[in-house]
Amino acid sequence: MTRAMATSPCRSITLFLILLWGSTILFLSSSAELQRFTHPAKTDGSLSLLAVGDWGRRGTYNQSQVAYQMGRIGEELDIDFVISVGDNFYESGLTGVNDTAFIESFSNIYTAKSLQKQWYSVLGNHDYRGNAVAQLDPVLQILDNRWLCMRSFMVDAEFAQFFFVDTTPFVEKYWTHPKDNHYDWREVAPREEYIKGVLEDLDSALKESMATWKIVIGHHTIRSVSDHGDTIELVNLLLPMLKAYGVDLYINGHDHCLEHIRSTDSPIQFLTSGGGSKAWRGIFTPTTEKLQFFHDGQGFISLHLTKTDAEVVFYDVFGSILHRWDMNKLLHSFM
């Protein structure tokens, strides 16, 4: 299994600590900048992956069926890694590193050979309702060495770079009106200072990026026609940066559906892959952006990249292709 290699953060480095994490050597900085991992593309110059979100229900609500189809498609595409866009464990994250939900909702579900690759994961709002720090603990890699979850980080895959953003702290209502939920804000509070740091780190990383494909991943929607709709904090704070640096794709979960929305004033494609288990909300709200595709049900997406081409495919719970989008950078540059 190809393992990610952690390299230096995007900005200044003050002190390195070298740790063995699974079979991966991590070079960790004592500073708080965005951590960078290196994941090489295939020798033929291509990169393939799957993205899924909102899944961890011990196999129920068709989680196992989605996982089975992910394994089948993953084998067909010879995927390099998997992205989890958050809400990894329901209903309230993990209670700690010994919570059996980790094995019962992850290791025992995604058992296909093709899925025995690196999983890059971010936290969702349901993960923050439990022990959020537990999901970040390297101890989980001892239980399953595929697992890698951090708050915000980046993956450098040669001609493509993936920027993972911790979006839950951006949403103000989780802080001011949590209802009956408890959010684990350890290592995050105070909110304003944390958000400022995340945006500064992302700005620095995007500014330095020379990658052909820039892909940002977060749990929360920026644009959506489903239950949660647009996340206004991300529209105001994150979206302007994505536009300024020419980000190609924003991949998220949060809404339990599959969506493709095209920005009307930038090249950004908004891709929702939140159909990892419980879905079928029955809610549709029109958007001012250009809706390309919407499926109010379960499924996942694949992404295949080369230096010039990108192809995104949406699959349902039966593994059937629902929607396909592709782009050629060379052709696009002349349009």
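Buried means under 20% relative accessible area, exposed means over 50%, and partly exposed falls in between, with a 1.4 Å probe and protein chains only. By that cut-off Val216 is buried, at 0% relative accessibility. This is a predicted model, in which local features need pLDDT of at least 70, side-chain atom pairs count only at pLDDT 80 or more, and totals for chains, interfaces and linings use all residues. Residues are numbered from 1 along each chain as its sequence is written, and side-chain values use heavy atoms, with hydrogens and water left out.

Helices (H or I, at least four residues) and strands (E, at least two) are DSSP runs, numbered from the N terminus.

- An open sheet is built from 7 strands in the order 8-7-6-5-16-17-18, with mixed pairing. Two strands pair if DSSP finds at least two bridges between them.
- Strand 8 (147–149) and strand 18 (321–328) are the edges; each has a single partner strand, so one side of each lacks a neighbour in the sheet.
- From one strand to the next, the twist averages 20 degrees. Axes for such angles are lines fitted to C-alpha atoms, for helices over the stretch in contact, and angles run from 0 to 180 degrees between N-to-C directions.
- Strand 7 (residues 118–121) pairs with strand 8 in the parallel sense, over 3 bridges. Ser121 sits opposite Cys149 in strand 8.
- In general, strands of a sheet pair through backbone hydrogen bonds, either parallel or antiparallel.

**Aromatic pairs**

- The whole structure holds 26 aromatic pairs. Rings of Phe, Tyr and Trp (its six-membered ring) pair if their centres lie within 6.5 Å; planes under 30 degrees apart count as stacked, over 60 as edge-to-face and the rest as tilted.
- Trp55 and Phe89 are edge-to-face, because their ring centres are 5.4 Å apart and their planes stand at 70 degrees.
- This pair links distant parts of the chain, 34 residues apart. Trp55 is in the loop between strand 5 (47–52) and helix 1 (63–77). Phe89 is in the loop between strand 6 (81–84) and helix 2 (101–107).
- Trp55 and Phe89 are both buried.
- Tyr120 and Phe153 make a tilted pair, 6.3 Å centre to centre with 40 degrees between the planes. Tyr120 belongs to strand 7 and Phe153 to strand 9 (residues 153–157), 33 residues apart.
- Tyr120 is buried at 0% relative accessible area, and Phe153 is buried at 0% as well.
- Ring pairs join Trp55, Phe89, Phe102, Phe106, Tyr110, Trp119 and Trp147 into a cluster.

**Second largest pocket**

- The second largest pocket holds about 300 Å³ of space. On a 1 Å grid over the protein atoms alone, a cavity is a set of points where a 1.4 Å probe fits but cannot get out, and a pocket is an open set with protein on both sides within 12 Å along at least five of seven lines; lining residues have an atom within 4 Å of a point. Grid points are joined across faces, edges and corners, and a volume is the space filled by probe spheres set on the points.
- The lining of this pocket has 18 residues, and those closest to its centre are Asn125, Arg129, Lys173, Tyr174 and His228.
- Helix 3 (125–128) and helix 6 (173–176) each give at least two residues to the lining of the second largest pocket.
- That lining counts 4 nonpolar, 7 polar and 7 charged residues. Ala, Val, Leu, Ile, Met, Phe, Trp, Tyr, Cys and Pro count as nonpolar, Asp, Glu, Lys and Arg as charged, and the others, Gly among them, as polar.

**Backbone geometry**

- The peptide bond from Tyr90 to Glu91 is cis, with omega near -5 degrees.
- The Ala189 to Pro190 peptide bond is cis, with omega near 5 degrees. Pro190 is in the loop between helix 6 and helix 7 (191–208).
- Asp54 is not a glycine, yet has a positive phi of about 60 degrees. Its loop runs between strand 5 and helix 1, and Asp54 is buried at 0%.
- Asp87 has a positive phi near 55 degrees. Asp87 lies in the loop between strand 6 and helix 2 and is buried at 1% relative accessibility.

**Contacts across the chain**

- Val216, in strand 11 (residues 213–218), has its C-alpha atom 8.7 Å from that of Asn252, 36 residues apart along the chain.
- Tyr90 is buried at 10% relative accessibility. Tyr90 and His126 are 36 residues apart in sequence and 6.4 Å apart in space, C-alpha to C-alpha.
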